[in-house]
Amino acid sequence: MEFLANSPIFIPFDFSRSVYLTADTLIYGENAYRNFVYSLKSGTQTFSIADNDRGNLLATIIKEQSKYEIFIQLNKFVVNGKLLSGNWPLNISDTTMTAEIKLKTHGHIAHDIRYNMIGELDFTFDGGYITGLGLDRFYSNAQDLTRLNLEDNIITALESGTTRLKNMRVIGKYENGNFTTTSPIEISMHHTNATGTMDITNNMMNAKFDITMRAVSPDPVTVSLRILPNGRREYSLSELLRYFDPAFMREFIKTHDRF
């Protein structure tokens, strides 16, 4: 129907009425939010959630002829489960989002509206997990790490696993289903920080990160990780292999065990 009808979220604009709806609870996938309000008036749709426990959302869609502007604000908005649907090499789960999204599009059918959509996204994530990295397991094995098994253990950590997230900032532009960061991604994790870039084109992820590992030597060591569109990973471990100090790492973790 995408070539025959408007996008479902825009169909209410065709009603020649004002609409106001409230719900005690809104359930979306694995998530439930309290105090949902919807209104339609004078070419504007507004969606809001005011949940003291699970965060706030305010979304506005403004129509002018066949043009649409979309504004979304999230404040400490709780997400259960994975943020991105599908099998991505990196994902975020069970996190809290604060975000500002500005999009615009135009068209008369759902396909054109989706194809023409462009805009800017600014996300901050607090808490939760990054899937696709196993740095927590790497650090939990500190007592058994040696110069002989270090490379195998860090490669395993860079290929898969789960890592607790302190916070993460992602800023980028969206166009027709594709996303590209416009500022460096900033990630803070347990004993680790990372900065990098990301590009999602045709449902393929291409990313590059410099991961600063604070606990592996007296001076922080950087590991470079690249995720290719086919899912394969490349890494530069030269600094880690050169400067790794197992005794320092074990002592560091004993005295820096807080998340």
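The legends below describe close-up views of a predicted model. Local features need pLDDT of at least 70 and side-chain atom pairs count only at pLDDT 80 or more, whereas totals for chains, interfaces and linings use all residues. Residues are numbered from 1 along each chain as its sequence is written, and side-chain values use heavy atoms, with hydrogens and water left out.

**View A. Aromatic pairs.** Eight aromatic pairs are found in a search of the whole structure, a pair being rings of Phe, Tyr or Trp (its six-membered ring) with centres within 6.5 Å. The ring centres of Phe-123 and Phe-125 lie 5.7 Å apart with planes at 5°, so this pair is stacked (planes under 30 degrees apart). Phe-123 and Phe-125 are both buried, that is, under 20% relative accessible area with a 1.4 Å probe and protein chains only. Ring pairs also join Phe-10, Phe-13 and Tyr-68 into a cluster.

**View B. The buried side of helix H3.** Helix H3 spans residues 150-159, helices being DSSP runs of H or I with at least four residues, numbered from the N terminus. Leu-150, Ile-154, Ala-157 and Leu-158 of H3 are buried. They cover an arc of only 95° around the axis, which places them on the same side of H3; the arc is that of the directions from the helix axis to the C-beta atoms.

Terms used:
Rings of Phe, Tyr and Trp (its six-membered ring) pair if their centres lie within 6.5 Å; planes under 30 degrees apart count as stacked, over 60 as edge-to-face and the rest as tilted. Buried means under 20% relative accessible area, exposed over 50%, partly exposed in between (1.4 Å probe, protein chains only). Helices (H or I, at least four residues) and strands (E, at least two) are DSSP runs, numbered from the N terminus.
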